[in-house]
Every structure is written in structure tokens, then in C-alpha cells.
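This report is meant for a reader meeting the structure for the first time. Please keep the sequence and the 3D view at hand while reading.

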Amino acid sequence: MSTASHDLSDSRAFVAGATGALGGGIADALLERGARVVPGGRDERRLAEVARRCGTEGVRFDAVDVDSCRAAADAAAAQLGGLDLVVVTVGAAGFGPALETPAELSEELFAVNVLGPMSLVRAAVPHLADGGTVVVLSAILADLPTAGMADYSAAKTALATWLEVLRRENRRRFRVVDVRPPHLDTGLDQRALGGEPPRLPEPMPASRVVDAVLEAVAGDATEVVVDRGAGLVVR
Ligand SMILES: NC(=O)c1ccc[n+]([C@@H]2O[C@H](COP(=O)([O-])OP(=O)(O)OC[C@H]3O[C@@H](n4cnc5c(N)ncnc54)[C@H](OP(=O)(O)O)[C@@H]3O)[C@@H](O)[C@H]2O)c1
């Protein structure tokens, strides 16, 4: 349990991936706490829906296009007059053993899960107020690389490592929160970029991760992780 210290009312938040299950839930939870939220995503229809709830203009981007990530972050910050919080929930699953994953799938997994979030953070941080917060979704796979998910595990591990370096390099200027949830009930595995999922554990309700992210943002935590025996932990 982290110590609550950040008042979210009127805070300026850019949620990149708000068209997805976790991103949409986080955007709604931030709105409930009085934050001003600009949602970002790729799917036009879902972006329009979440933007209507937020009362702002949604910003479209494709995570594999660096220029569109930059334009989206710039447009979000321009609407809000700067940013206090950046949340990146962009990601896509893909399955297969290490020696059988096609190169094209491997490249796409790294583009969407590693390079895309890195581009979005690089684009958003120049707009972030001192003392602001960057939240990025990696996955439990960074702690527990899993058979049958070789390249997806490697991509999430690469992202988590980059976030650790980002934190070390910028600890006096902003906070980095790495969120590494287990398998969730959002249907992400059904939208995989390729391959067949291995046998997956019972999914955790995504609402628990949304609550944990909000607890982390409002407090001083730097990660949301699965601690064996203790479940999902904010620390
Ligand atoms: N669900 C789980 O079991 C689980 C477990 C651990 C970690 N995570 C991570 O949590 C994050 C959110 O997952 P979720 O379950 O909420 O999945 P989701 O509903 O499928 O959301 C994924 C988000 O990523 C966006 N996205 C994917 N490819 C993109 C691209 N090329 N350009 C722009 N946006 C792109 C989607 O945008 P559009 O819909 O607009 O295309 C969507 O907003 C992901 O990083 C995922 O890896 C999920």
C-alpha cells in the first residue's frame, strides 16, 4: 500500500491506449477523480466514444509511426496546456515458441510493445510538468518469461528494462510507474498479432489493475506487480 499524496483533481492526463480495455478503464477512473483527460488511440470509433466521455478531443496515432506518436502527444498537451500525467497502455500479444516465431511477428511485437511506448513517452515527456508521472503497462512476463510466449515475453522485458533506466535517469524530474499485471479478463489474447496462446491461468479482473494504477498514481509507488502470495501489489 502506497501513501496517498497526489490530488488528481484538475490534473492534466494523456492516456495513450484509451481505446483499449485497461486504458479506457484508467481514463474513466481518472475522470471520476476530477482529472482532465485527453484520450489517445488508433481505432476511430472507440476513440470518439472515450473522447465524448472525457469531453475533450481524442488524438489518433499508430504506435509504429514515430511522427504520429509525437503529433498525438503534442496535440494532447496543447489541449490541456501541458501534462501532469502520461499513461501508456498500448500493447498487443503474440504467441509461439522461441524457435518457431516468424520474424514478421517478432518485429511487430517489438514495434508495438517496445518501440511504440518508448516513442510515446519520448514525445510526451517534454510536455510533462516537473514532479509529473509516467505510467506504462509492461506485464508480469518481464518477471516471469513464459514458454509459448517467447517474443512477447522478450518485448515486455525490454520495455520494463527501458522504464528502469528512464527512472534512474530522471528520478529528480518525474516519477515512472511500471505496471506488470498477470493475465487479465480483457480478451487481449483473442486479439493476438499471431500464434496460438499456451494454456493461460484464470484471468484477473482488469478492474483490479485499474484500481491499483489509480492508487499508484495518487501515491508515491513506482510499480504495480504480482508478488507471490500477496497478489497484486502497489509499491
Ligand atoms: N490483458 C492482459 O492480460 C494483460 C496482461 C499484462 C499486461 N497487459 C498489457 O496491458 C496493456 C493494455 O492491454 P489491454 O488488455 O487493455 O488490451 P486492449 O484492450 O487490446 O488494448 C490495447 C491498446 O493498444 C492499442 N494498440 C495496439 N496496437 C496499436 C498500434 N499499432 N497503434 C496504436 N495503438 C495500438 C489499442 O488501440 P486500438 O484498440 O485503438 O487499436 C488499444 O488501445 C497492453 O500493453 C498489454 O500488453 C495486458
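In which segment is aspartate 10 found? Aspartate 10 lies in the segment before S1, in a model that is predicted. With a relative accessible area of 55%, aspartate 10 is exposed, and its phi is positive, about 70°, although aspartate 10 is not a glycine. Most residues other than glycine have a negative phi.

**The nonpolar cores**

The largest nonpolar core has 35 residues, and the members that touch the most others are Phe14, Phe61, Leu83, Val88 and Val121. Two or more residues of this core come from each of strand S1 (12–16), helix H3 (66–80), strand S4 (83–88), helix H4 (103–124), strand S5 (128–137), helix H5 (150–170) and strand S6 (174–179). Helix H4 contributes the most to this core, with seven residues. In soluble globular proteins, nonpolar side chains tend to be buried together.

**Helix H2**

Helix H2 covers residues 44–54, and its buried residues are Leu47, Val50, Ala51 and Cys54. Seen down the helix axis, these buried residues fall within an arc of 105°, so they line one face of H2. That buried set packs against helix H1 (21–32), strand S2 (36–41) and strand S3 (59–60), whereas Arg45 and Arg52, on the other side of H2, are exposed. At the start of H2, the backbone nitrogen of arginine 45 has a side-chain oxygen of aspartate 43 within 3.3 Å. After H2 comes glycine 55, which has a positive phi, near 75°.

**The ligand**

The ligand is surrounded by 27 residues, of which the closest are Thr19, Asp43, Ala63, Leu184 and Thr186.

| Residue | Part of the residue | Distance to a ligand oxygen |
|---|---|---|
| Leucine 22 | polar backbone atom | 2.9 Å |
| Glycine 91 | backbone N or O atom | 3.2 Å |
| Lysine 156 | side-chain N or O atom | 2.9 Å |

Taken alone, the ligand exposes 880 Å², and the protein buries 93% of that area.

**Two buried residues**

Arginine 180 sits in the loop between S6 and helix H6 (206–218). Is arginine 180 buried or exposed? Its relative accessible area is 9%, and because the cut-off for a buried residue is under 20%, arginine 180 counts as buried. Its contacts, leaving aside neighbours within four places in sequence, are Ser138, Ala139, Ile140, Ala142, Asp143, Glu223, Val224, Val225 and Val226.

Leucine 105 has its place in helix H4 and, at 8% relative accessibility, also counts as buried. Not counting residues up to four places away in sequence, leucine 105 touches Phe95, Leu193, Gly194 and Gly195. Glycine 195 is 90 residues away from leucine 105 in sequence, yet the two C-alpha atoms are 8.6 Å apart in space.

How values were computed:
Residues numbered from 1 in each chain as written. Predicted model: local features only at pLDDT ≥ 70, side-chain atom pairs only at ≥ 80, totals over all residues. Heavy atoms only, no water. Core = buried A, V, L, I, M, F, W, Y, C linked by side-chain atoms within 4.5 Å. Buried < 20%, exposed > 50% of the residue type's maximum accessible area, 1.4 Å probe, protein only. Helix = DSSP H or I, 4+ residues; strand = E, 2+ residues; numbered from the N terminus. Arc of directions from axis to C-beta. Contact = heavy atoms within 4.5 Å. Polar contact = N/O pair within 3.5 Å; in protein donor to acceptor, adjacent residues only side chain to side chain. Near = heavy atom within 4 Å. Areas by Shrake-Rupley, 256 points an atom, 1.4 Å probe, with all protein chains shown as cover.
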